[in-house]
Amino acid sequence: MIAYLIRRGAAGAAVMLALVVLAFLASHYVGDPVNMMVDSEYVTDAEYDVLREAGGYNRPMHEQFWDFFSGAIRGDFGDSVWQNRPATEIVAERLPATLLLGGVCIVVTFMVAIPAAVISAYWSRSWVATVITTVTTGFASVASFWVALALIFVFAIELKWLPTSGYGQWQHMVLPVIALAIAPIGRFTQILEASVTNELREPYVSTARAKGLRETRVIYRHVLRNALIVGVTLLGGEVIFLLNGAVLIETIFAWPGIGNVALESAQQRDLPVLMASVVLVGLLVVVVNLAVDVAYAAIDPRVRLT
Amino acid sequence: MIVWRFTLREGVTFHNGEPWNAEAAKASFDVLADAELASSLGKVSFVSLFASGMEIVDEMTVDLTTNVPDTEFLGLYMRLGYVGLPPQFVAENGLEALSEQPIGTGPYAFTSWSRGQRVVLERYDGYWEPEVQHWAGVEFITRPEASVRAQTVRAGEAHFAFNIGAEQAKTLSKSIAAGGFQSSSIRLNNTIAPTSDQRVREAINLALDRQAIVDAIFDGTADPLSFFAYQPIDLEPYPYDPDAAAALIEEAGFTGTEVEMVYGENRIPEEVQLAEIYTASLEAIGLRVQLTRLEPQQYNDVGGLPFEEQPALFMETTSSGNYGDVVGALRDKYGCQGSGTYCNPEIEADWAELSTLTGEERAALIQEIAERLHADAPRAWVAGVRQVHGLADFLEPDLPLNAYILLDDVKPA
């Protein structure tokens, strides 16, 4: 187990290393970073040179890379061009909002997908199953930004039940959570349903029933426990989906998270903040995937981490 | 050297009660002109403008001495964000404290904010001009997505939605197309063929149906352009005359010649549609257009190359001149050291003179330069796109044609 963790940790570190290198290349080789950060209309050549020097962009590339790299390892991406304070601080203070949104989305996904999958698998020939399959196929296929705008139109403009956007009260969370969770709910329900259907055919189900266990106990204690292993595996992928989706959803709903700050910094050409948010999101993905692998072993005793 | 004397308004106070006077004005100027702070964006040329610091003449009078006469320095002064800072507060708490708790002399005082979400202001009772204080308080909320910004007005969560675009404005019962122009144009590179030939540049100008473009793409929220927008310049846009344009191209011997045109989506989303219309229009007069779309960073890099290495046609939308900085914008667009892929030594001599003139003389020289430039056609100006704002029904704003929106101008009906 420990050897496994060390190996996976090393692999994660390699991914982060590659990400930092790519982030550097994208920002320094694709074009001139100073040109990207300033509006050439309002900057004279003399000012341009001052900015190049202030940012250290006139030094040899390997020196710049080393600075960026050694800074990135310490979590230091320099100061924001706009806010004159550390980029890492700006991104870190947005982290809780993204984690809150993502966490609630995952909880909601499980709360909806598990009962839906069980009902659909258990009464697979009934009309309820047909409805669930149809709806979840739709859920898995729609674009989240379209759902977001449709939700705003219905619940904020027409019904006036909820605010269009914003942050601070529970009402603000309802629409972004629905918009972001709809696709994962669709995918989760479909895969869980298939998994539950498979498990229901296993001999241990007959054994459990033969022992005289109540049906709910058979389903929740035995079937679901095995079926959910696949759910945990999917979780890693869904977290990546949620972080990607957060850029759009957070922007639409003005949710002050990492996705929002990433887009904002790209638009304001605030390179240090953009780099910090890219690397932090990468780190989140690596950590979550590692956690999922460990959880996988904990849930399924057949899996040995060696 | 020229001395600017400022007489300060009497009876103005900061929101924390400190008086606005010569001492406060000087302290505020010193912050703006601080060489350390000046290394940040755009302030280097500003600081080098002055021969010395601000000098206090008496309680309510200060002098500023600039190295060269520059009629636009007041505009620059404002754009760089000169604001009065309360000297006593700064002395006690440091300059940094103001970034968390701004204190000014305006009609509304800061009360609270939450980062990335909202800023709340309330009416300042000590303001010197109470008749422009139309509201008890003002709250700014941040909504990055234009369609959502528009919907906040529809849902009654906001009363003014900034810059939502013509398309979103249609979903609201009330909106206003104000200033803050974005001027769309094509730079015609006069340092390389075929656009080094004036006839080709004129032909390209004649090939574009500006009115049709404005109607079709911007839905009445833009105007056909003869020169960059919001300028006190009297010029008619080139007429739409594709036959004359084709004749000019043929006369110059460039029929069937390939020209490269690049564009990026740098300021307005309509750039793609504009590129397609331009291509069709130029092919109709006998040029063959090779159209290239560039990513933002490449677009900036290509736009910064030496003129002769840039493509013949470079699409550009700019907000130049929105803040009254006509001379700066002219020099940038048409100067040999500017960014406009146009260099004309005859006009080059006029810039220095232009920045020393005032009043009618200045207006006359600007008009004269503009006419010469218009005839030489270094650019095809096409559309001046206005900013469209969403409004609650009870608002009747009276917005100026520049990019500034003051709360004084956002009035109830």
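## Confidence of the model

The structure is a predicted model, and its overall scores are an ipTM of 0.75 and a pTM of 0.79. Chain B averages a pLDDT of 86, and 93% of the residues in that chain score at least 70.

## The disulfide and the cysteines

Over all chains, the count of disulfides comes to one. The link is formed by Cys336(B) and Cys343(B), whose sulfur atoms lie 2.0 Å apart, which is within the 2.5 Å that the assignment requires. The angle about the S-S bond is 85°, and the link of Cys336(B) and Cys343(B) is right-handed.

In chain A, by contrast, Cys105(A) has a relative accessibility of 0% and so counts as buried.

## The open sheet of chain B

Three strands of chain B make up an open sheet in the order S1-S3-S2, with antiparallel pairing. Strand S1 (2-7) and strand S2 (55-58) stand at the edges of this sheet, and because each has a single partner strand, one side of each is left without a neighbour in the sheet. Neighbouring strands here are turned against each other by 30° on average, with direction ignored.

The pairing of S1(B) with strand S3 (residues 61-66) of chain B is antiparallel and comprises six bridges. Within this pairing, Val3(B) has Thr65(B) in S3(B) as its bridge partner. In general terms, strands of a sheet pair through backbone hydrogen bonds, either parallel or antiparallel.

## The hairpin and the strand beside it

Further along chain B, strand S4 (residues 108-114) runs antiparallel to strand S5 (residues 118-123), and six bridges join the two. Ala109(B) stands opposite Glu122(B), a residue of S5(B). The hairpin of S4(B) and S5(B) has three residues between its strands, and Gly116(B) in this hairpin takes a positive phi near 75°.

S5(B) is also joined by five bridges to strand S6 (residues 137-141) of chain B, again in an antiparallel arrangement. Here the bridge partner of Leu121(B) is Val138(B), which belongs to S6(B).

## Helix packing in chain A

Two packed helices are described by the angle between their axes and the distance between the axes. Helix H6 (residues 95-122) of chain A packs against helix H7 (residues 127-141) of chain A at an angle of about 135°, and their axes are 8 Å apart. H6(A) and H7(A) are therefore oblique to each other, because an angle has to be over 145 degrees to count as roughly antiparallel. The crossing in which H6(A) passes H7(A) is left-handed.

Helix H8 (residues 144-158) of chain A and helix H11 (residues 215-252) of chain A pack at an angle of about 20°, with 10 Å between their axes. This angle makes H8(A) roughly parallel to H11(A), since angles under 35 degrees fall into that class. The crossing of H8(A) and H11(A) is right-handed.

Conventions. Residues numbered from 1 in each chain as written. Chains lettered and ligands numbered in written order. Predicted model: local features only at pLDDT ≥ 70, side-chain atom pairs only at ≥ 80, totals over all residues. Heavy atoms only, no water. pLDDT = per-residue confidence, 0-100. Buried < 20%, exposed > 50% of the residue type's maximum accessible area, 1.4 Å probe, protein only. Pairing = 2+ DSSP bridges. Helix = DSSP H or I, 4+ residues; strand = E, 2+ residues; numbered from the N terminus. Axes fitted to C-alpha atoms, helices over the stretch in contact; angles between N-to-C directions. Parallel < 35°, antiparallel > 145°, perpendicular 65-115°, else oblique. Left-handed = near helix turned anticlockwise from the far one by under 90°.
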